[in-house]
Amino acid sequence: MKLALREAEKAAEAGEVPAGCIIINNTSADREIPVGAILGKAHNQTELLKDPTAHAEMIAITQAANTLGDWRLTDTILYVTKEPCSMCAGGIVLARVPTVVYGVTDPKRGGAQSIFNILDHPNLNHRCEVVTGVMETECREVLQAFFRERR
């Protein structure tokens with residue numbers, strides 16, 4: 001989560017909503033990629049790219065899929081500083097990410113648990129284990145500082 005937080009800080013410095021994401025390898029089945037290796041890392045880039053889909057999670061998923069040479073991220077863990085929105089949660093489900101760890105909830109746009117329960121929805125073909133509150137204080141502080149400066 002510390003690496004995801006660094007990505008969030010990069011986003012804030014660039015004037016982007018400070019969300020950062022890291023995807024790591026979680027299996028030793030592929031000897032070329034060690035357990036814990038970073039497969040993708042990103043921060044929000046919607047303003048830079050003029051792209052509403054350029055959220056940290058979406059970019060990191062694309063990077064991880066390219067690194068693995070497979071769209072199925074079945075042996076990974078995704079760390080993100082704030083709860084994924086519904087778009088990102090949908091992408092996480094489609095990529096078959098088994099575990100999602102996030103820092104702070106998003107009570108206005110959360111797609112994992114707060115507003116929508118996409119990551120563990122019983123009607124979808126994939127469900128994620130969700131771990132919340134990891135480095136919550138630090139993740140919240142980065143978001144609050146960003147929005148304080150914007151006001």
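**View 1. Ile-92 and the residues that it touches.** In this predicted model, Ile-92 touches Ile-61, Leu-78, Pro-84, Val-97, Val-100, Leu-119 and Cys-128, when residues up to four places away in sequence are not counted. Ile-92 also belongs to the largest nonpolar core, which has 27 residues, and within that core Ile-23, Leu-73, Leu-78, Ile-92 and Leu-119 are the members that touch the most others.

View 2. Helix H3 provides the largest share, with six residues. Another core lies apart from this one and has 12 residues, including Met-1, Ala-8, Cys-139 and Leu-143.

**View 3. The largest pocket and its lining.** The largest pocket, with a volume of about 600 Å³, is lined by 22 residues, and those nearest its centre are Lys-82, Asp-106, Arg-109, Leu-143 and Phe-147. The lining is made up of nine nonpolar, five polar and eight charged residues, and helix H5 (residues 136-150) gives the most to it, namely four residues.

**View 4. The aromatic pair of Phe-146 and Phe-147.** One aromatic pair is found when the whole structure is searched. The ring centres of Phe-146 and Phe-147 are 5.0 Å apart and their planes meet at 80°, and because planes over 60 degrees apart count as edge-to-face, the pair is edge-to-face. Phe-146 is buried, with a relative accessible area of 8%, whereas Phe-147, at 33% relative accessibility, counts as partly exposed.

Technical notes: Residues are numbered from 1 along each chain as its sequence is written. This is a predicted model: local features need pLDDT of at least 70, side-chain atom pairs count only at pLDDT 80 or more; totals for chains, interfaces and linings use all residues. Side-chain values use heavy atoms; hydrogens and water are left out. Rings of Phe, Tyr and Trp (its six-membered ring) pair if their centres lie within 6.5 Å; planes under 30 degrees apart count as stacked, over 60 as edge-to-face and the rest as tilted. Buried means under 20% relative accessible area, exposed over 50%, partly exposed in between (1.4 Å probe, protein chains only). On a 1 Å grid over the protein atoms alone, a cavity is a set of points where a 1.4 Å probe fits but cannot get out, and a pocket is an open set with protein on both sides within 12 Å along at least five of seven lines; lining residues have an atom within 4 Å of a point. Grid points are joined across faces, edges and corners, and a volume is the space filled by probe spheres set on the points. Helices (H or I, at least four residues) and strands (E, at least two) are DSSP runs, numbered from the N terminus. Ala, Val, Leu, Ile, Met, Phe, Trp, Tyr, Cys and Pro count as nonpolar, Asp, Glu, Lys and Arg as charged, and the others, Gly among them, as polar. A nonpolar core is a set of buried Ala, Val, Leu, Ile, Met, Phe, Trp, Tyr and Cys residues joined through side-chain atoms within 4.5 Å. Contact means heavy atoms within 4.5 Å.
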